[in-house]
Amino acid sequence: MRPDAESPPRLSVVIPMYNEEEVLPLLVQRLRPVLDGLGRTYEVVAVDDGSRDDTAAIVHLLRAKWPQLRLIKLRRNSGHQAALSAGLFRSRGDYVVSLDADLQDPPEAIAEMLQAAEDGELDIVYGVRADRSTDTSFKRVTAGWYYKLMRRIVGKKMPDGAGDFRLLSRAMVEALRGLPERAPVYRLLVPWLGFPSGQVAYTREKRAAGVSKYPLTRMIKLTVDSIVSFTAAPLRVATWLGGFGVLLGLALVVKTLWAYFAGATVPGWTSMFLVVIFFGACQLLCLGLLGEYVGRIYAASQGRPAYYVGYDSDGHEETDGMIDTIRAADPGRVRATAGEGRA
């Protein structure tokens, strides 16, 4: 159902996109029947995160046949969490579902999530993976470590296997909007706020088309952002290393005095070499930890936005820029792909 211009829709579905032209037809084919079958007003907020392919142009053309589809185009690639922020904060629904475009998280679970939120008066409904049998052994092990570490930081309210596939109430979205986070990690922020929550289990599928936008380097960055944004524990590591270094230094002083009074004062280069390496490594590690936090303080003091919206089909900002984007694309290929999405 299409929302009225004046009244907000019951549901918003926010989809960050980066170079997703290959999967768009499949996404529309699966997502639209689910949302049309809900019997509630809805909008689909597609956030183009500075794609270098024809993602934005295809979405723009798809809107002609799908009036509930809305396009938000960021001026540059700002990252998945920033694109998610842009969609969340510009959505208008009473409930907001965040969904990736790759169809690994099934759109069919949205109906169950919305029903659980309405029946239980929940502000959060997590999509939780029932199993990780489709993942590699490395991915399962590292994911297990990540969630164990994050629960130590955030608390036990963070469910195991929950990513960015979740439903939030409007009150929850407004609470997130009020936080001063410059680089939010929503899989930690959402449970940290402590709103009433529930879970819906689902089986994660293989990517429908295209290539993954989350390689190992981005997963490592997500882990670092998660730790540094939520705890000062790494700085305490520096303190513990410093304390251990002091104790080791005292032990070496005692050993040196003992050797002096025993007459064994021949210096040994091995012990000196090891001591220099140890303390040098400790100093570099401590400086690195301090630099990570100081760098984030510096970035926060600059006050630069995490993203900048260049076009919103709901508000029609920068319309000429959107037209130029469509003209620059391959018209035949764009129309063909958009036609596949309508089939």
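Q: Helices (H or I, at least four residues) and strands (E, at least two residues) are DSSP runs, numbered from the N terminus. How many helices and strands does the chain have?
A: This is a predicted model, in which local features need pLDDT of at least 70, side-chain atom pairs count only at pLDDT 80 or more, and totals for chains, interfaces and linings use all residues. Residues are numbered from 1 along each chain as its sequence is written, and side-chain values use heavy atoms, with hydrogens and water left out. By the DSSP runs, the chain has 12 helices and eight strands.

Q: In the open sheet of eight strands, which are the edge strands?
A: Two strands pair if DSSP finds at least two bridges between them. The pairing in this sheet is mixed, and the order is β7-β5-β6-β4-β1-β2-β3-β8. The strands that pair on one side only are β7 (197-202) and β8 (309-312).

Q: Within this sheet, which residue of β3 is the bridge partner of A46?
A: Strand β2 covers residues 42-48 and strand β3 covers residues 69-74. These two strands run parallel and are joined by five bridges. The partner of A46 in β3 is L71.

Q: Helix α1 (residues 24-36) packs on the sheet and touches β1 (11-17) and β2. What angle does the direction of helix α3 make with that of β1?
A: Axes are lines fitted to C-alpha atoms, for helices over the stretch in contact (heavy atoms within 4.5 Å), and angles run from 0 to 180 degrees between N-to-C directions. The direction of α1 makes about 170° with that of β1. Helix α3 (residues 80-90) also packs on the sheet, touching β1, β2, β3, β4 (95-98), β6 (162-169) and β8. The angle between the directions of α3 and β1 is about 155°.

Q: What percentage of the 343 residues in the chain is buried?
A: A residue is buried if its relative accessible area is under 20%, exposed if over 50%, and partly exposed in between (1.4 Å probe, protein chains only). By this rule, the buried residues of the chain make up 43%.

Q: A search of the whole structure finds one aromatic pair. Which kind of pair do the rings of F165 and Y202 form?
A: Rings of Phe, Tyr and Trp (its six-membered ring) pair if their centres lie within 6.5 Å; planes under 30 degrees apart count as stacked, over 60 as edge-to-face and the rest as tilted. Here the centres are 5.3 Å apart and the planes stand at 85°, so the pair is edge-to-face.

Q: Which residue forms a salt bridge with R30?
A: A salt bridge is a side-chain nitrogen of Lys or Arg within 4 Å of a carboxyl oxygen of Asp or Glu, and the structure holds 14 of them. In the bridge of R30, the closest N and O atoms are 2.8 Å apart. R30 lies in helix α1, while its partner, 78 residues away, lies in the loop between β4 and α4 (109-120). That partner is E108.

Q: Which residue forms a salt bridge with D164?
A: The closest N and O atoms of this bridge are 3.3 Å apart. D164 lies in strand β6 and its partner in helix α7 (residues 186-193), so the pair ties together parts that are 23 residues apart in sequence.

Q: What is the phi of E121, a residue other than glycine?
A: Most residues other than glycine have a negative phi. N19, in the loop between β1 and α1, has a positive phi of about 55° although it is not a glycine. E121 is found in the loop between α4 and β5 (124-129) and is exposed, with a relative accessible area of 67%. The phi of E121 is also positive, near 50°.
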